[in-house]
Amino acid sequence: MPNNREGTALRAYQRKLVSSYTAIYKIVRQIPYGKVATYGQVAELADLPRRARLVGYALFRVDINSDVPWHRVINAKGEISESPFRQGGDYLQRSRLEAEGIEFSPQGKINLEKDQWRS
DNA sequence: ATAGTGACTGCCG
DNA sequence: TCGGCAGCCACTA
């Protein structure tokens, strides 16, 4: 029997978080080859409306060689969201997308009309 | 407890 | 078209 309220609250919080992450990865794995989805779109499909930032955190956690196609998730403007923490990782994301046939404008943008995944 | 930060978004001037 | 900003909420020191 737990005698520490904060301990149980923390565990409940962690369970909730893990289930959110699981839901996010499940959706991201469904994005087909050659298509992209936005953070907000993934959040909505994972039943986590308006929590685009959580999707960003979830993707930050995945291993770069994971089976989760994290590189197919971009922001609502059609750009790759850069982070100071992944030096070169943003370049890897772009090269992986280009390898799937996705084209970038000279401004580094993807045409969402054409390349966004419609579930 | 709390203030600062961010792999986000949509609105507004 | 574009930058600024509030809302957002998980995470950290």
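1. Let's start with Tyr21. At a relative accessibility of 11%, Tyr21 counts as buried (buried means under 20% relative accessible area, exposed over 50%, and partly exposed in between, using a 1.4 Å probe and protein chains only). Helices are DSSP runs of H or I with at least four residues, strands are runs of E with at least two, and both are numbered from the N terminus.

2. A word on reading this model. It is a predicted model, in which local features need pLDDT of at least 70 and side-chain atom pairs count only at pLDDT 80 or more, while totals for chains, interfaces and linings use all residues. Residues are numbered from 1 along each chain as its sequence is written, chains are lettered from A and ligands numbered from 1 in the order in which they are written, and side-chain values use heavy atoms, with hydrogens and water left out.

3. How are the rings of Tyr21 and Tyr25 arranged? The count comes to one aromatic pair, and Tyr21 and Tyr25 form it: the pair is tilted, with 6.4 Å centre to centre and 40° between the planes. For the rule, rings of Phe, Tyr and Trp (its six-membered ring) pair if their centres lie within 6.5 Å; planes under 30 degrees apart are stacked, over 60 edge-to-face, and the rest tilted.

4. Now to the DNA. Tyr21 is also one of the residues around DNA strand C, along with Tyr13, Leu17, Arg51, Arg53, Leu54, Tyr57 and Arg61. Here a residue is near a strand if one of its heavy atoms lies within 4 Å of it. Of the atoms of DNA strand C that come within 4 Å of the protein, sugar and phosphate account for 73%. Helix H1 (5–28) and helix H3 (52–61) each supply at least two residues of this surface near DNA strand C, and H3 gives the most, with four residues.

5. For Tyr57, a polar side-chain atom lies 3.4 Å from a base nitrogen.

6. DNA strand B has 17 residues around it, and the closest are Tyr39, Gly40, Arg53, Ala76 and Glu82. Sugar and phosphate make up 49% of the atoms of DNA strand B that come within 4 Å of the protein. H3 gives the most to the surface near DNA strand B, with six residues. Ser81 has a side-chain N or O atom 3.4 Å from a phosphate oxygen of DNA strand B.

7. Last, a look at Asp115, which is found in helix H5 (residues 112–115). Buried or exposed, where does Asp115 stand? Asp115 is buried, because its relative accessible area is 6%. Leaving out residues up to four places away in sequence, Asp115 touches Gly34, Lys35, Val36, Ile102, Glu103 and Ile110 (contact means heavy atoms within 4.5 Å).

Methods. A polar contact is a pair of N or O atoms within 3.5 Å; within protein, one must be able to donate a hydrogen and the other to accept it, and residues adjacent in sequence count only if both atoms are side-chain atoms.
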